[in-house]
Every structure is written in C-alpha cells, then in structure tokens.
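Visitor: I would like to learn how to read a protein structure. Could you walk me through a few features, please?

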Amino acid sequence: MTVEKQAIIQLKKISVQFQNQARTIDAVQDVSLTVTPGDIYGIIGYSGAGKSTLVRVINFLQRPTQGTVTVAGQDLGQLSQAQLRQARKNIGMIFQHFNLMASRTVFGNIEFPLLDLKLSKIQRQEKVTKLLDLVGLADLAQQYPSQLSGGQKQRVAIARALASDPQILISDEATSALDPETTTEILNLLRYLNKQLGITIVIITHEMDAIKQVCNRVAVMDQGQVIEKGTVLEIFGHPKAPLTRKFVDSSTQLRPALKQIKANNLVPLDSSNLVVLNYTGEATEQPLVLELYKRYQVSANILFSNIEQLQGTTVGIMLLLLEGEPDQIQAGLDYLRALKVRVKTVDLQKVEVD
C-alpha cells in the first residue's frame, strides 16, 4: 500500500498567494505534507511563517492558489459547496481565543453544533454528557464561560470541536494564551484523545516544547516554506536547518545557557574548543566525556547538559569546553562523529546577550 493511500491528509505542492495592492504576497510556497491516521503532527514556525494559512487550506477555508488537498480520500478542490460543508464536519478546530458564546452555558456551547443534526433532545444530552466526561468538565456543565479559567474554556472548545465526531482535530495556537502548567494539561488531554478516540491531530504552534510533549511528527515553516520535516526524534536528534536548530536549542535551554556563559565571561570569547554534542539512542549510553580523556587525553568541562525521553528514546545535548592538543581534540571529535554524535563548534562571539 502506498503512502498516499494511507494518508488521512495529503497536501501536494500547495501555494497560497495574496494580492496586497500592487504587491503579491507568497504566504505559502510549494508545500507538500503527508499526515497518516493517528498522527499528532506539529507544524511550527514564528509569526508570519505561513503555518496558520496552511492549516486553513486543510479544510479549504483558504483555497490554495496551486496544489491539491486530499482529506480522508476526498480531493477538496473537486467538491461542490454542499459536499465541502459536509467534508468540513470531519475536521474539528480549536483556537487560541476559544470562541465560546458568552450567553450559553458550558453544556450549551458544546450542544450548539449538534442543533443542526437530526438528533433528539435526549440524544443531544447524552452526547454532550459523554463529551463533558471525556474532557473532564462534568461538574461544570451549567457554568458560563465568564466563570471558567483559560484551561477550562479550552476544554469546552475541544469538546465542542469533537461534537461532530471528526476524524481530524486541528489545534491552531490553542495553548498560546495559557500558562505553562495549563498548557501541559491541555496537551496531555490532546494526547489522551488521540489514543482514546484514534483521532488525528494537527498542532500549529510557535513553541517547540508543545511539539516535544505530544507530537510524533513535525514540519518547520519559515517564510511560507517547509524547511525541514520528519519525526520528532529525527528533528531533535539531528536538526539540519538553522531555524530548526534554534527551536531545538530554545527547547533544551541551551541558548539561555550560552547567553549566561558569555555574560559571565566563563569562557574566552575567542575559544575554538567550545562544542555542542547532540546524541540519541545508543550514544546516550556511552561515557563520552570519560572516553575522550581515556582515548585522546582530552579533558572536557561540562558547562551544560540536558537528557530527556522522546518517543521512548533518550535524547541528549551537552555543551563542553575541551582542553588538549589540537590534533588530539580533532581525533576525539572524529571519534564522537563515528558514534553518530552531532558535533558543532560554538562561536561565542556570535551569541547575542540581551
């Protein structure tokens, strides 16, 4: 079976252009993505990268200038308006600002999309009650949005998005307005729904921590283009594009550590022996620092280290200041690369200090 037949979302060579007076804006440029059933697929980029425009293409709220969009086996560009409205019921959406109706209770907000369906009042009540239980709001059914916290409001929005039993749930910066603890709770809920319902989730965000917590695949966008994509483990373990490395460094707290080292003059600015090691899997089990000394008489001062689990695999990052003979240091670095450790020399003079 081909990848295309397995895909629940298939974007092929998508481009979106906007006309702004006499200027053409390329919001999305030649983007191709494949999302398979059960994925939690993250699309990350800074503001203006084109990620929100791209996600609107998935349900054809934004028609692409070029390219094809296939969702659950349907080419959305070939559907009539009536067929498109029906297809959109298969795609739930949640947003940063919740979009709840202030005049309706929690129960009423979740029930609202069901009012157009051929369901009896009892059937609607049963469905809403199940959704309330699913998102952990059973005791708040009669509260109004003004009485809820941000996290509770987002849970209502998630339950409402699930009311039509979609196969796909799109989260467009849905955690951006929440504090870190509540963000973790909402991400954990999304992961639970993914496993419990088998629902495919696409997360749009500018926060690598959100990607790291729940996604299995990720695409990095910059200036309308996807500059890198792969599994979360691949991206964290071996980021290739400079922007991707920046996202990864911010998530591991390497960048703040470098700023602190430079600000406190802990390492000479002209040092050429400051290196970052990125390693995954078996390499994390090796006593790398000890081996550098035993094999090559290179001592390593560990200035920063971070090790965590991603998708059941250990991923590590380490900042070392090396001391030894130049040829021995080079031999030591070659040894690390042979172990599939990514080695990068840091130019401290280029580190920006706020």
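Guide: Let us begin with residue classes: Ala, Val, Leu, Ile, Met, Phe, Trp, Tyr, Cys and Pro count as nonpolar, Asp, Glu, Lys and Arg as charged, and the others, Gly among them, as polar. In the lining of the largest pocket, 11 residues are nonpolar, four polar and five charged. This is a predicted model, where local features need pLDDT of at least 70 and side-chain atom pairs count only at pLDDT 80 or more, while totals for chains, interfaces and linings use all residues. Residues are numbered from 1 along each chain as its sequence is written, and side-chain values use heavy atoms, with hydrogens and water left out.

Visitor: What is a pocket, and what is a cavity?

Guide: Rolling a probe the size of a water molecule over the atoms shows where empty space is left. On a 1 Å grid over the protein atoms alone, a cavity is a set of points where a 1.4 Å probe fits but cannot get out; a pocket is an open set with protein on both sides within 12 Å along at least five of seven lines, and lining residues have an atom within 4 Å of a point. Grid points are joined across faces, edges and corners, and a volume is the space filled by probe spheres set on the points.

Visitor: Which residues lie nearest the centre of the largest pocket?

Guide: They are R88, I91, P113, R160 and S164, out of 20 lining residues. This pocket holds about 700 Å³ of space. Strand β6 (91–95) supplies the largest share of its lining, four residues. Helices and strands here are DSSP runs (H or I of at least four residues for helices, E of at least two for strands), numbered from the N terminus.

Visitor: How is the lining of the second largest pocket divided by class?

Guide: Its lining has six nonpolar, two polar and 10 charged residues. The volume of the second largest pocket is about 460 Å³. Among its 18 lining residues, D249, R255, L258, K344 and V351 are the closest to its centre.

Visitor: How many cavities of 30 Å³ or more does the structure hold?

Guide: There are two. The largest cavity has about 60 Å³ of space, and β13 gives the most to its lining, with three residues. The second largest cavity has about 40 Å³; there β8 provides the largest share of the lining, three residues.

Visitor: Now a helix, please. Which residues of α5 are buried?

Guide: An α-helix has 3.6 residues a turn, so residues three or four places apart point the same way. Buried means under 20% relative accessible area, exposed over 50%, and partly exposed in between (1.4 Å probe, protein chains only). In α5 the buried residues are R124, K127, V128, L131 and L132. They cover an arc of only 140 degrees around the axis, which puts them on the same side of α5; the arc is that of the directions from the helix axis to the C-beta atoms. The face turned away from that buried side carries the exposed residues I122 and K130. Among what covers the buried residues are α4 (106–111) and α6 (150–161), where contact means heavy atoms within 4.5 Å.

Visitor: What span should α5 have?

Guide: The expected span of a helix is 1.5 Å times one less than its number of residues. The 14 residues of α5 (121–134) should therefore span 20 Å, and the end C-alpha atoms are 20 Å apart, which agrees. Just after α5, G136 takes a positive phi of about 75 degrees.
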